[in-house]
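Reader: I have a two-chain model open on my screen. Please show me how to read it, one feature at a time.
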Amino acid sequence: MRTRSKYLSAALGIVVVGGAVAMGVWALTSSKADQPPPPPAAAVTDLTNAPAPPIRNQFIDITGRFFVVPWDDRELGPEQKAANPWYNPAWEQFSECATKGGLQAKLDPSKKFSQVDLDRLVAQLNREYPDAEANKQIPAQATGKVRGDAGVFLTCAEEWLTKTPRQMYELTGVPNQWWPPTTDVASPSPAR
Amino acid sequence: MERSDRQASTHPPRRHGGIAILAGTALVSIAVLLLLMRTSPTVKAYASGRVAVLAGTSGTVSTLACYDLPSPSRPHPLLGSSYNDPFPPCNMTDSNPHDGVTGPHLGTFSAPTDIQASSGSGVIVQLDYLPNDSNGVAGGYAIAYEQRTGCGSYDPTSAYWNGRKVEVDITHYNRLSQQLNGQSIMYEHVNPDNSVVGTNSGNATWFRWNNAYAYQMLWPPYAQQLLFNNTGLGGWSIATVAQPKSGAKDVGCSTGAHLHQDATSGEYNHSQWWSTSGGGTYATARVSDMQYVTMSGIIGTAPSNQ
């Protein structure tokens with residue numbers, strides 16, 4: 001019996017040592033090759049578990065700051081622009097909407113809402129809401145979903161600053177610089 | 001006696017068996033741990049890296065619109081310290097952002113560039129130097145929508161037609177489906193393809209893109225809509241170059257068919273677009289590096305301008 005148990009112990013010992021050696025060899029060879037197993041064809045295997053499309057509001061830039069593309073993008077210097085300023089036909093309605101919501105849209109209420117007013121408003125919001133990561137979570141259609149000054153600004157921007165001059169003409173019946181179009185088309189000239 | 005013999009004879013093997021089982025369990029645990037280490041993906045995070053936005057169309061670079069001369073000044077990359085670099089990094093928030101040699105030329109983001117091209121030429125979004133390794137960019141989402149501006153709001157029937165302005169936003173994900181960062185590119189003087197370009201961000205559609213050379217792509221083939229990081233191929237066709245009307249110059253907008261493109265946190269690829277004879281050089285759509293963009297969380301491999 002004693003001899004039998006010795007054999008059994010020896011056999012078990014061989015199995016354990018053999019297993020350890022095999023694992024060591026396996027670990028060594030796999031680390032030597034430094035080749036991880038080939039990954040699956042794609043990280044996302046099932047679209048139901050895919051990352052949701054990002055949240056993107058066009059009045060918040062990709063870095064999380066409030067942002068409106070400048071309306072006057074003429075290739076003119078600041079003095080020339082100031083001498084003949086351009087106004088988005090939707091700005092007055094935007095200004096009224098923002099004022100109703102409690103924002104001071106115009107510094108001088110007797111004047112037309114201008115790019116200067118808009119830039120000041122955007123700068124104020126960026127001071128008021130400095131958390132860029134939180135701003136990035138504001139949805140594309142923020143109307144009714146965001147509170148405070150940011151909510152007022154975005155609601156009014158989404159309602160008015162996405163409108164084309166043609167849409168403003170159709171809404172108000174007031175012609176503007178862009179609609180109805182001047183159609184006396186001349187021939188194209190070389191690029192500047 | 002027989003009973004005590006059996007007890008005496010069976011105890012030692014049981015002890016050995018217990019040790020063996022313990023050892024075996026430990027080995028199995030180690031093996032499982034090793035397996036987990038090999039199969040659980042982890043990625044490294046990087047501080048920042050540079051990728052390239054490629055030329056959206058083919059043509060001669062006619063304007064690098066934001067020169068910022070004379071400050072900051074630094075030696076020309078090709079001609080040495082006797083010459084100022086004409087295209088240092090353009091910072092749109094500095095005190096003198098639009099002092100281009102050929103006249104002021106406003107860009108929305110940084111490093112605004114004009115490429116002269118025939119009207120109707122395709123405008124294609126493409127990136128390069130995305131990191132392909134297991135810690136890199138697997139793919140992401142992209143969206144395109146119109147932004148409203150004065151010059152971009154004339155009707156195509158108007159004598160002042162200047163094309164439209166389209167913003168493209170691209171977000172980058174790693175192979176764990178974690179969002180790393182994002183960038184925006186602005187294309188101007190274009191006819192948008194409204195089957196892919198929204199009239200605003202609220203009605204635009206997100207498209208799924210894969211890094212063509214990723215260690216592991218983000219999307220399975222059936223879900224992939226775009227391929228980026230694939231110089232000369234793939235990309236995203238969003239518009240064609242518009243033909244501005246000659247009247248546009250009467251109102252201060254640009255004329256002549258060309259593509260204006262600029263990018264967030266972008267720098268010019270100045271070493272390529274500067275010609276020692278003074279003229280612009282030819283850029284090829286989806287091939288030429290137009291802007292270099294510094295992005296957080298990745299180790300991009302775009303060449304340095306420094």
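Author: Begin with pairing: two strands pair if DSSP finds at least two bridges between them. Helices (H or I, at least four residues) and strands (E, at least two) are DSSP runs, numbered from the N terminus. One case is B:I185, which stands opposite B:A263 in strand 14 of chain B.

Reader: What kind of model is this, and how are residues and chains labelled?
Author: This is a predicted model: local features need pLDDT of at least 70, side-chain atom pairs count only at pLDDT 80 or more, and totals for chains, interfaces and linings use all residues. Residues are numbered from 1 along each chain as its sequence is written, while chains are lettered from A and ligands numbered from 1 in the order in which they are written.

Reader: Which strands pair with strand 14 of chain B?
Author: In general, strands of a sheet pair through backbone hydrogen bonds, either parallel or antiparallel. Here, strand 10 (residues 179–192) of chain B pairs with strand 14 of chain B in the antiparallel sense, over four bridges. Strand 5 (residues 110–116) of chain B also pairs with strand 14 of chain B in the antiparallel sense, over five bridges. There, B:I115 faces B:L259 of strand 14.

Reader: Are the faces of strand 14 of chain B covered or open?
Author: In a regular strand the side chains alternate between the two faces of the sheet. A residue is buried if 20 or more other C-beta atoms lie within 10 Å of its own, exposed if 12 or fewer, and partly exposed in between, with C-beta atoms placed from the backbone. In strand 14 (residues 258–263) of chain B, six of six residues are buried. One side holds B:H258, B:H260 and B:D262. The other holds B:L259, B:Q261 and B:A263. Both faces are covered.

Reader: How do I read a sheet order, such as 7-1-17-15 in chain B?
Author: Take it as an open sheet of four strands, with antiparallel pairing. Strand 7 (127–128) and strand 15 (266–268) of chain B are the edges, each pairing on one side only. Strand 15 runs antiparallel to strand 17 (residues 289–296) of chain B, joined by three bridges. B:E267 stands opposite B:Y292 of strand 17.

Reader: What is the secondary structure of each chain?
Author: Chain A has seven helices and zero strands. Chain B has two helices and 17 strands. Buried residues make up 29% of the 192 residues in chain A and 51% of the 306 residues in chain B.

Reader: How do helix 3 and helix 6 of chain A cross?
Author: Axes are lines fitted to C-alpha atoms, for helices over the stretch in contact, and angles run from 0 to 180 degrees between N-to-C directions. Helix 3 (residues 91–100) and helix 6 (residues 148–161) of chain A have axes that come within 9 Å and cross at roughly 155 degrees. That makes the two helices roughly antiparallel; angles under 35 degrees count as roughly parallel, over 145 as roughly antiparallel, 65 to 115 as roughly perpendicular and the rest as oblique.

Reader: Is A:Q177 buried, exposed or partly exposed?
Author: A:Q177 counts as partly exposed because it has 16 C-beta neighbours inside 10 Å. A:Q177 lies in the segment after helix 7 (165–172) of chain A.

Reader: What is the mean pLDDT of chain A?
Author: pLDDT is the predictor's confidence in each residue, from 0 to 100. The mean for chain A is 83, and 75% of its residues reach 70 or more. Where pLDDT is low, the predicted coordinates should not be read in detail. Over residues 186–192 of chain A, pLDDT stays under 50.

Technical notes
Contact = placed C-beta atoms within 7 Å.
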